[in-house]
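The following exercises concern a predicted model.

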Amino acid sequence: IYLIMEETPPTKQPKTTRLRALGFCGADDSVSPMFLGLISNAYPFVEFGVLFRPDKEGEPRYATVSFVEKLSQVATKSNGTMKLAAH
């Protein structure tokens, strides 16, 4: 999990921090791509990271090609609102 925070510009008001993005890294075959799509729809600031390493494909945190294809279909149906990252 990683967070991207943004501070408000200096003003006379107290300093605040706002969450801009929340990342979940290691999406793999243990979770349904449709479920990730539902989370993305409800929380558009969430980004899902997929780890790529050929020698680890199919192990926990490392998705298979089949999973990536299904996730790609879900992302395509989101009309560009689902945030994905490749690592």
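**Exercise 1.** Is Phe48 buried or exposed, and what is its relative accessible area?

*Solution.* The criterion for a buried residue is a relative accessible area under 20%. Phe48 has a value of 3%. Phe48 is therefore buried.

**Exercise 2.** Determine how many aromatic pairs the structure contains, and classify each by its geometry.

*Solution.* A pair of aromatic rings is described by the distance of the centres and the angle of the planes.

Step 1: for Phe24 and Phe48, the centre-to-centre distance is 6.3 Å and the angle between the planes is 25°. Planes under 30 degrees apart count as stacked, so the pair Phe24 and Phe48 is stacked.

Step 2: Phe24 belongs to strand 2 (residues 17–25) and Phe48 to strand 3, so this pair ties together parts that are 24 residues apart in sequence. Phe24 is partly exposed, at 32% relative accessible area, whereas Phe48 is buried.

Step 3: the ring centres of Tyr43 and Phe45 lie 6.0 Å apart, with the planes at 70°. An angle over 60 degrees counts as edge-to-face, so Tyr43 and Phe45 form an edge-to-face pair. Tyr43, with a relative accessible area of 46%, is partly exposed; Phe45, at 30%, is likewise partly exposed.

**Exercise 3.** Which residue caps the N-terminal end of helix 1, and through which atoms?

*Solution.* The capping residue is Ser32. One of its side-chain oxygens is placed 3.1 Å from the backbone nitrogen of Met34.

**Exercise 4.** Where is Ser78 found, and is Ser78 buried or exposed?

*Solution.* Step 1: Ser78 occupies the loop between helix 2 and strand 4.

Step 1: the relative accessible area of Ser78 is 18%, and the residue is buried.

Step 2: a polar atom of the Ser78 side chain is 2.6 Å from the backbone oxygen of Ala75.

Conventions:
Residues numbered from 1 in each chain as written. Predicted model: local features only at pLDDT ≥ 70, side-chain atom pairs only at ≥ 80, totals over all residues. Heavy atoms only, no water. Polar contact = N/O pair within 3.5 Å; in protein donor to acceptor, adjacent residues only side chain to side chain. Helix = DSSP H or I, 4+ residues; strand = E, 2+ residues; numbered from the N terminus. Buried < 20%, exposed > 50% of the residue type's maximum accessible area, 1.4 Å probe, protein only. Phe/Tyr/Trp six-rings, centres within 6.5 Å; stacked < 30°, edge-to-face > 60°.
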